[in-house]
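Please read the numbered points beside the sequence and the model.

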Amino acid sequence: MIRRTACALGLFAAAAGPLQAQDSTSMAGMQGMQMGAAASMPIPMPAGMMILPALAGLLPPVAPFLPGIGVDRSMLAATTPTTIVRLRNGDTLDLTATLVSRNIRGKAFVMYGFNGQIPGPLIRVAQHATITVRFHNHIDLPSSVHWHGLRLDNRDDGVPGLTQHEVPPGGDYTYTVRFPDAGIYWYHPHVREDIEQAMGLYGSMLVDSPDSDYYSPANSEQSLMLGDLMINADTLIPFGREAPDFALMGRVGNIPLVNGEPDWSLTVKRGQVVRFFFTDVASSRTWNVSFPGVAMKVVASDQSRFEREESVASVVLAPAERYVIEARFDRPGRFPLVNAIQAINHYKGEFEAVVDTLGWVTVDSSPATPDYAASFTHLRANAAVSADIARYRQYFSRPPDKQLTLTVAVTALPLFTVQFMSIDTAYFHPVEWVDGMPDMNWLSTASQVRWIIRDDATGKENDAIDWQVKRGDVIKLRIYNDPKSFHPMQHPIHLHGQRMLVVARDGVPTANLVWKDTVLIPVGSTVDLLIDASNPGDWMLHCHIAEHLGSGMMTTMHVR
Amino acid sequence: MIGALAAAVLALASRDPEGPYRIVLLPGARAPGAHGEARLVFAASPFGVAVTADGRHRYNVRISAANLPAPATLGPYHALVAWEVSPDLTEWHRLGTVSGDTATVGETSMNKFLLVITAEATAGSTTHTGPIVLHGTSPSGWLQTFLTHPLFRGISQ
């Protein structure tokens, strides 16, 4: 751990010059990092919490990085609104990652955008279509594009080191993207997601079923990508250049964003049914969102509809998960979209309710036409989904083919962090909804924290696991999130290129199934997954908390 | 002193083979031979975890107990009833009846709570009146203030 020594000053001094693109924003913060006392440590703390004096003099052992080093921000184009790009089978899209100027609450930051947009273009296609995407990397880091959740050809999965090389700054790569399943998907880089995704490189893909009755009727549709940004005193908090910082908890921003905006809004008519496509694009945050006082039902998730629609009071999304929600706004007024969670105040040893308002829906008094009240009230059973799943039920109760344990190993963390955490180990919440100790978390980097996927049978960990699967096999995978590690935490585990069912949680069979590519595993929980290993190739299995991935929490399933 | 207490807490936690969702149930004075445990299993939900709209986790409470006394041996009682109780003992919510060795008695969504089983006059009792047979603390009850730790001396005072 680096204190404010000549070494640390040297690192920051080296970065200070080229950071002109952030001159009016980050330089002040950088100066604070170099010169300031404890109070000027640029980590935003939860309300009422102080930075611990024992930690105030410490800095993470990485050089700071922000986009646009050496670039004059005034030369950058401001972001433009997200466009909907409707593509037909055989069409080609040029997707360019660039530096952009992004205005957040009156303050301009240098960030990244696809085609100048945050989120990037919403790609809308018909199910079974195939398109070509020419990716152009015009940012200052190597990059790639991963087409999250799609069961596409392995060579187009966008994972450097496994299916392609990194696309260098100035480089290009052409992807062939096919869409076998209807629903909502998203694209993002698979290089330093903790930086590139957090800085704006993400976009939706909406795949339409040929069945016009696939969903119940709705008056309108909205794609909502939920993310966050970490800012302190109008300064973007720098990232670790050599390795991710915030490696324990992941970077939980203090500014929630909907479609890249801190103040999202929507106007609808009275009685309007809106179909929301929610995607969690945050590095680490799990959400619990709702429109208080507004009826909602959950219709679909990652790769299919549910067997049965359900009325819900709120929507829980872990990083990379998607849920399709229908809501009916049946009376005039203003209705907030909120994220309501129970935070842990470690200093008081208590839970504290936290409600963040993410935006507002204004409902006009004029009636929506057509009026879909009757169809909205009806909770549909999707027989086609159940029929598709039926042939897999024979595997539900069989013993697992493979068992993995999720844990963590740490070295060289500050003594105080180790001591504090050893006390905290008496209880870990199943889901850490916020970062209650960002001062401690910031100091942990991927060089000190190693998140682990361990094969119970062999003891092998992460990329040392050599998991060979025969194409067409149905694999039962049991994953246990060990609560006894140094810092247990929930993990959204994502499998590339296949589809899977969560058939049981903690031994309780799932009553209402849906095809998934990402599964939230709370602390102490065990999930049983059934993987339909039908897509050949080398596919990653990893935690989708960007800093956990950057700290090694990944392995590969080879389908031959 | 506090360090020793923390060590004892950790030692207790480390004996639990299945994570943080277990509640050790200790006997009340009127039923010294009773013992058991409760498991908190996430309630049904279409999402990865079950939570209320304000973010409290929802669990089904599954009780396994042994050597439970017949309620009538404790007085004019005919049933054993499980309650979720706020840590300050001001809120008692009926979960359900306990009969036999294992029962899922209801759903809880309190952040911290005590789990208490009492003998009651009827299975439908909605207020607690009888003697305590078993009691335990939710795993979240282990969440304690850091400010009492020696490391924070000078900060918290």
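1. Chain B holds one helix and eight strands, and along the sequence these elements follow the pattern α-β-β-β-β-β-β-β-β. Helices (H or I, at least four residues) and strands (E, at least two) are DSSP runs, numbered from the N terminus.

2. On provenance, this is a predicted model, in which local features need pLDDT of at least 70 and side-chain atom pairs count only at pLDDT 80 or more, while totals for chains, interfaces and linings use all residues. Residues are numbered from 1 along each chain as its sequence is written, chains are lettered from A and ligands numbered from 1 in the order in which they are written, and side-chain values use heavy atoms, with hydrogens and water left out.

3. Of the 157 residues in chain B, 47% are buried; buried means under 20% relative accessible area, exposed over 50%, and partly exposed in between (1.4 Å probe, protein chains only). Among contacts in chain B with a separation of 6 or more, 60% are between residues 24 or more positions apart, a contact being heavy atoms within 4.5 Å.

4. In chain A, strand β27 (residues 402–410) pairs with β28 in the antiparallel sense over seven bridges, and A:V410 has A:V449 as its bridge partner. Five of the seven residues of β28 (residues 449–455) of chain A are buried, so this strand is largely enclosed by the rest of the structure.

5. Some backbone features of chain A deserve attention. Most residues other than glycine have a negative phi, and most peptide bonds are trans. A cis peptide bond joins A:I118 and A:P119, with omega about -10°, and A:P119 is found in the loop between β6 (107–114) and β7 (122–126) of chain A. The bond from A:T369 to A:P370 is also cis, with omega near -5°.

6. Is A:F246 buried or exposed? A:F246 counts as buried, at 0% relative accessibility, and has a positive phi of about 55° although it is not a glycine. A:H128, likewise not a glycine, has a positive phi of about 80°, but counts as exposed at 56% relative accessibility.

7. The whole structure contains 40 salt bridges over all chains, each a side-chain nitrogen of Lys or Arg within 4 Å of a carboxyl oxygen of Asp or Glu. A:D228 forms one with A:R285, the closest N and O atoms being 2.9 Å apart. This pair links A:D228 in strand β13 (residues 220–229) of chain A to A:R285 in the loop between β19 (272–280) and β20 (287–290), 57 residues apart; A:D228 and A:R285 are buried.

8. In chain B, the side chains of B:R58 and B:E107 meet in a salt bridge (2.7 Å, N to O). B:R58 is in the loop between β2 (35–42) and β3 (59–66) of chain B and B:E107 is in strand β6, 49 residues apart.

Definitions and conventions: Two strands pair if DSSP finds at least two bridges between them.
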